[in-house]
Amino acid sequence: MAARPVWLNPLRMRLPIGGWVSILHRASGVLLCLAVPALLYALMLSLRSPADFAAVAAFLGGGIGFLFVLALIWASLHHLFAGLRHLALDLGWGEARGDARRTAWLSLIAALVLTGALGAWIG
Amino acid sequence: MRNVGGARRGLNFWLLQRASAVAMAIFLPLFLGLALSRSPLDYAAWRALFSHLAMKIGSLMFIAAVLAHAWIGLREILIDYVHPLAIRLPLYFLFATLYLVCLVWAADILWGLG
């Protein structure tokens, strides 16, 4: 059997909104998976001494550390909302196409808006 | 190398993934509420927060849920994208080891506070 040509151009693929929320659920999950050891390290330092606590707070409060915090806040919120949507779908809630699209948009936007609000509140 | 996973294991992981998700969704808002109600949240307040036994146990259970959830999630992604078992199995093992180390480390951090 002759090999069939496979040509997938990601730029020409139109992912429905549920697909975007799903792939971002994965991406945010991977980000959080990799962040676990770093977060434990920060927890250890923050509890060790007042000087270490101040150093962790200073690092997370500005520059690259703050970007890291924002990325983790977004990843946590997106993963949480997309995950709650998944649990609802497991129970058979919101499976109709219109409902599924609305909850997908809702989880995507809620995570972004809350990340912005929390970032503004902290920063 | 055909039967490295049992037919039921996937179902157990599926259930554990949801159980750990629910546990985290309940614990995290409670923890944030507790932490943010301490004002000002300085070193003394932060340390005092973790001095209670209930907080240590709750935190360790939360971290265990995070680690189990993380490993099962990574397993799912590896199954989708890394097909050769000779690569996938060592990756399972690598992250399982890393996360077990994290669990013991977390216990040490929490109970080392005294």
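A salt bridge is taken here as a side-chain nitrogen of Lys or Arg within 4 Å of a carboxyl oxygen of Asp or Glu. By this rule, two salt bridges cross the interface of chain A and chain B. The model is a predicted one. In one of the bridges, the side chain of B:R18 meets that of A:D90, with 2.5 Å from N to O.

On the side of chain A that touches chain B, three helices each supply at least two residues: α1 (17–48), α2 (50–61) and α3 (63–90). The greatest contribution to this side comes from α1(A), with 14 residues. By residue class, the side comprises 16 nonpolar, three polar and three charged residues.

The extent of the interface was then considered. The size of an interface is often given as the accessible area lost when the parts come together. For chain A and chain B, about 2,100 Å² is buried between the two. Carbon and sulfur atoms account for 78% of that area. Within chain A, the most area is lost to chain B by A:R26, A:L40 and A:L47. Together these three make up 32% of what the chain A side buries. In residue terms, the contact draws 22 from chain A and 29 from chain B.

Two elements give two or more residues to the patch: α4 (97–122) of chain A and α1 (9–37) of chain B. The largest share, three residues, is from α1(B).

The bond joins B:S39 to B:P40, and its omega is about 5°. Most peptide bonds are trans. B:P40 is placed in the loop between α1 and α2 (43–49) of chain B.

Within chain A, the surroundings of A:W74 were examined. This tryptophan belongs to helix α3 of chain A. Neighbours within four places in sequence aside, A:W74 contacts A:L24, A:S28, A:A111, A:L112 and A:T115. A:L118 is 44 residues away from A:W74 along the chain, and 9.6 Å separates their C-alpha atoms.

How values were computed: Residues are numbered from 1 along each chain as its sequence is written. Chains are lettered from A and ligands numbered from 1 in the order in which they are written. This is a predicted model: local features need pLDDT of at least 70, side-chain atom pairs count only at pLDDT 80 or more; totals for chains, interfaces and linings use all residues. Side-chain values use heavy atoms; hydrogens and water are left out. Contact means heavy atoms within 4.5 Å. Buried area is the accessible area (1.4 Å probe) that two parts lose on being put together, summed over both. Helices (H or I, at least four residues) and strands (E, at least two) are DSSP runs, numbered from the N terminus. Ala, Val, Leu, Ile, Met, Phe, Trp, Tyr, Cys and Pro count as nonpolar, Asp, Glu, Lys and Arg as charged, and the others, Gly among them, as polar.
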